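Biologist: Before we discuss this model, could you take me through the labels attached to it, and tell me in each case what rule stands behind the label?

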Amino acid sequence: MKKSLILMASLAMVACGSRAAKTQSTESEASATPQYTVIENAQIDLAQLPQDKDGYYILFDGKTLNGWRGYGKQHVPSKWTVEDGAIKFNGTGGGEAQDGDGGDLIFTRKFKNFELELEWKVSKGGNSGIFYLAQEVETEKDGKKKMQPIYISSPEYQVLDNANHPDAKLGKDGNRQSASLYDMIPAVPQNQKPYGEWNKAKIMVYKGTVIHGQNGENVVEYHLWTPQWTEMLEASKFSSKKWPLAFELLNNCGGANREGYFGLQDHGDDVWYRNIRIKILD
């Protein structure tokens with residue numbers, strides 16, 4: 001794919017500055033992958049974030065949504081609020097509709113090698129997800145621009161009420177249950193706490209090695225940018241035949257710099273996140 005830099009954005013405390021974009025175009029008209037743009041917005045300066053005694057940056061202060069915004073937006077959607085020291089998505093029970101002022105939430109900084117820790121809980125039958133190495137991707141057709149969903153460029157750590165949501169029984173071998181690499185690798189052991197209780201999540205990315213942790217145990221390990229990663233994508237709904245754009249973005253997860261946003265999913269259900277911190281491993 002031929003890549004051309006259109007505009008570089010300056011850094012700012014919040015991502016409300018100018019936008020930059022990297023446009024991708026096909027070398028052959030026969031390619032099934034549509035032309036797309038990776039939007040580069042201003043990012044928060046990590047030097048302005050507090051660090052704890054363990055060297056982790058605090059991404060959520062328990063009181064405000066400073067440093068956060070909606071995916072593909074310049075504001076925090078109103079359905080994301082702060083409640084009792086946690087980030088809450090106020091669901092409608094309508095599934096992955098993202099209607100009204102909802103949508104996924106991202107922290108306004110791209111990360112490369114890191115260890116992310118947080119706690120989450122869901123309502124009965126709740127569904128959400130944690131994205132990492134995400135890009136903001138826009139396509140254009142017939143002069144109309146459209147933001148693509150975050151999950152076409154980002155692996156997803158599944159957040160789910162395994163006991164009450166039907167997605168837990170779909171997929172293969174439990175690969176849609178909590179802490180799984182969604183629809184690809186099941187979390188083993190499956191040690192989730194039930195809805196209404198706090199679960200501890202960990203995501204480590206280091207030079208392509210990815211670990212998912214749940215409640216103190218490592219439950220998933222895989223390796224990005226390898227032949228095995230490509231094979232997994234080809235066996236999934238993100239294959240080059242089923243979804244060429246998603247395949248290209250995920251196969252080159254994180255883009256040329258191998259870095260991306262961390263995000264929380266609006267899947268239409270009540271979900272809470274707290275104690276969000278990240279350690280840089282670069």
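**Labels and their grounds**

Modeller: In helix 2, the residues Pro244, Leu245, Ala246, Phe247, Glu248, Leu249 and Leu250 are buried, where buried means under 20% relative accessible area, exposed over 50%, and partly exposed in between (1.4 Å probe, protein chains only). This is a predicted model, in which local features need pLDDT of at least 70, side-chain atom pairs count only at pLDDT 80 or more, and totals for chains, interfaces and linings use all residues. Residues are numbered from 1 along each chain as its sequence is written, and side-chain values use heavy atoms, with hydrogens and water left out.

Biologist: What makes helix 2 mostly covered?

Modeller: Seven of the eight residues of helix 2 are buried. Those buried residues pack against strand 3 (36–41), strand 11 (136–141) and helix 1, a contact being heavy atoms within 4.5 Å. The elements themselves are DSSP runs numbered from the N terminus (helices H or I, at least four residues; strands E, at least two), and by that count the chain has two helices and 18 strands.

Biologist: Why is helix 1 called roughly antiparallel to helix 2?

Modeller: Axes are lines fitted to C-alpha atoms, for helices over the stretch in contact, with angles from 0 to 180 degrees between N-to-C directions. The axes of helix 1 (residues 227–234) and helix 2 (residues 244–251) come within 10 Å and cross at roughly 160°. That angle makes helix 1 roughly antiparallel to helix 2, because angles over 145 degrees count as such, those under 35 as roughly parallel, 65 to 115 as roughly perpendicular and the rest as oblique.

Biologist: Why does Trp243 count as partly exposed?

Modeller: Trp243, in the loop between helix 1 and helix 2, has 26% relative accessibility, and therefore counts as partly exposed. Trp243 touches Tyr151, Ile152, Lys237 and Phe238, leaving aside residues up to four places away in sequence.

Biologist: Why is Asn275 called partly exposed?

Modeller: Asn275 is at 49% relative accessibility, so it counts as partly exposed. Asn275 is found in strand 18 (residues 271–280) and has a positive phi of about 50° although it is not a glycine.

Biologist: What makes Phe114 a buried residue?

Modeller: Phe114 has a relative accessible area of 3%, and so is buried. Phe114 is found in strand 9 (residues 114–122) and touches Tyr132, Leu133, Ile203, Met204, Val205, Ile278, Lys279 and Leu281, not counting residues up to four places away in sequence.

Biologist: Which residues have the most contacts inside the largest nonpolar core?

Modeller: They are Leu59, Trp68 and Ile130, in a core of 62 residues; a nonpolar core is a set of buried Ala, Val, Leu, Ile, Met, Phe, Trp, Tyr and Cys residues joined through side-chain atoms within 4.5 Å. Beyond four places in sequence, Ile130 touches residues including Leu116, Leu118, Tyr157, Phe262 and Tyr273. Over the chain of 282 residues, 52% count as buried.
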